[in-house]
Amino acid sequence: MKSTARLMIIISLALNRKLTFTDLLTITSLGKGSLSNHLDKLREGGLIKIKTVFSPIGPRVMVEITEEGMSAYENYSKILKKLL
Amino acid sequence: MNGKAEDISEHLKKIGKTAVRFDFYLMKRAFGMYYATWAAAIFTLMVLSYISNIPGQSNTTLTFYVLLNIGVIIVAVDYTQIVFRKAFMLFRLESDLQMQFSLKSFGKNAGIGLMILIFAMFVIIGINLVSPDESTVLSMIILWIVDFYIYMTVRMSFGKIPPEGILAVATFAFSNTASSILFLQTGNNNSTFQIWMVTVIGWIISSLYSFYNARKMYSLEDDNSRGGIN
């Protein structure tokens with residue numbers, strides 16, 4: 001994973017399993033367009049799933065980590081253990 | 001070559017630490033929901049227990065409260081496993097980053113063990129294997145263990161127990177101990193409702209404080225900590 005933002009997104013999703021687009025905006029402090037681009041790349045790589053869910057406060061974009069995404073996170077975790 | 005490897009190592013650690021710092025904000029919010037759902041669950045349980053003790057209640061009323069209670073408890077248990085999973089994952093990452101705070105994880109097995117204990121308690125009490133007094137002592141001990149588990153999970157999530165966590169754990173311990181001792185001494189549970197309301201109020205305050213603190217925690221993060229994200 002070449003981008004810091006994408007790694008941040010994968011870590012946060014691994015910890016929380018799924019997050020809303022708004023949560024990810026808050027965590028990464030990216031703009032909407034930039035975040036969408038990063039999410040598209042992660043989805044193309046099969047690391048996340050994006051779906052629209054309906055809630056009492058209206059439709060929300062939900063981003064969920066896939067098994068492949070969890071494997072990518074586990075690899076990051078292994079690298080950290082080796083480095084420290 | 002070594003210099004480059006060190007740079008990559010530092011960069012990976014920095015990303016992890018930034019993710020952990022922002023995840024504290026999400027954890028505060030998650031615990032806020034956790035306290036709120038359990039305050040609702042304890043409240044409906046106490047209302048059910050209070051209503052069932054009033055003579056002449058219609059079956060429809062009781063059935064409504066039983067179903068409401070089951071529904072609220074299912075939501076609370078489901079939310080509990082979500083929050084505790086987040087806590088364990090966050091703790092693991094903090095350990096990988098060596099950010100953890102001299103506290104050893106007691107692992108997911110403790111949660112499974114606790115569920116088995118609670119189930120065993122329901123079976124033992126449900127089939128009248130023990131006297132009412134023994135049931136009270138047994139449930140008090142199990143609820144102490146539950147309280148300790150909550151304490152450890154909150155501590156694991158934030159490194160040290162936050163004020164709202166202390167309030168939640170303390171009010172739960174108070175209601176558990178006071179209601180059990182009162183029942184053992186008087187033989188009736190007339191004051192149980194009032195005593196457990198202390199926990200309900202305590203957990204509502206904890207919930208509100210968690211949400212308030214999550215917002216405050218996030219707004220206090222300076223822009224530098226978000227720098228370098230691209």
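**Notes on pockets and interface**

1. The largest pocket has 44 lining residues, and those nearest its centre are Leu45(B), Ile118(B), Met121(B), Phe122(B) and Leu143(B). Its volume is about 1,800 Å³. This is a predicted model, and the totals for linings and interfaces use all residues.

2. Six helices of chain B each give at least two residues to that lining: H1, H2, H3 (107-126), H4 (132-158), H5 (163-186) and H6 (192-220). H3(B) has the largest share, 10 residues. Sorted by class, the lining of the largest pocket comprises 28 nonpolar, 14 polar and 2 charged residues.

3. The second largest pocket has a volume of about 900 Å³. It is lined by 28 residues, and the closest to its centre come from both chains: Lys18(A) and Asp23(A), with Arg29(B), Tyr79(B) and Lys86(B). On chain A, the elements that supply two or more lining residues are strand E1 (18-20), helix H2 (21-28), strand E2 (48-55) and strand E3 (58-65); on chain B they are H1, H2 and H6.

4. H2(B) contributes the most to the lining of the second largest pocket, with 6 residues. The class count for this lining is 13 nonpolar, 6 polar and 9 charged. For the largest pocket, the charged count is 2.

5. Turning to the interface, 29 residues of chain A are in contact with 27 residues of chain B. The two chains bury about 2,600 Å² between them, and carbon and sulfur atoms account for 61% of that area. Accessible area lost when parts come together is often how the size of an interface is given.

6. How many salt bridges does the rule find across the interface of chain B and chain A? There are 2. In a salt bridge between the chains, the side chain of Arg29(B) meets that of Asp23(A), at 3.0 Å from N to O. Arg29(B) and Asp23(A) are also among the residues closest to the centre of the second largest pocket.

7. Between chain B and chain A, 9 residue pairs are in polar contact, with both residues of each pair at pLDDT 80 or more. On the side of chain B that touches chain A, the elements giving two or more residues are helix H1 (2-52) and helix H2 (59-96). H1(B) gives the most, 13 residues. By class, this side of chain B has 12 nonpolar, 7 polar and 8 charged residues.

Definitions and conventions:
Residues numbered from 1 in each chain as written. Chains lettered and ligands numbered in written order. Predicted model: local features only at pLDDT ≥ 70, side-chain atom pairs only at ≥ 80, totals over all residues. Heavy atoms only, no water. Contact = heavy atoms within 4.5 Å. Buried area = accessible area lost by both parts, 1.4 Å probe. Salt bridge = Lys/Arg side-chain N within 4 Å of Asp/Glu carboxyl O. Polar contact = N/O pair within 3.5 Å; in protein donor to acceptor, adjacent residues only side chain to side chain. Helix = DSSP H or I, 4+ residues; strand = E, 2+ residues; numbered from the N terminus. Nonpolar A, V, L, I, M, F, W, Y, C, P; charged D, E, K, R; others polar. 1 Å grid on protein atoms, 1.4 Å probe; cavity = no way out; pocket = protein on both sides within 12 Å on 5 of 7 lines; lining within 4 Å. Points joined across faces, edges and corners; volume = space filled by probe spheres on them.
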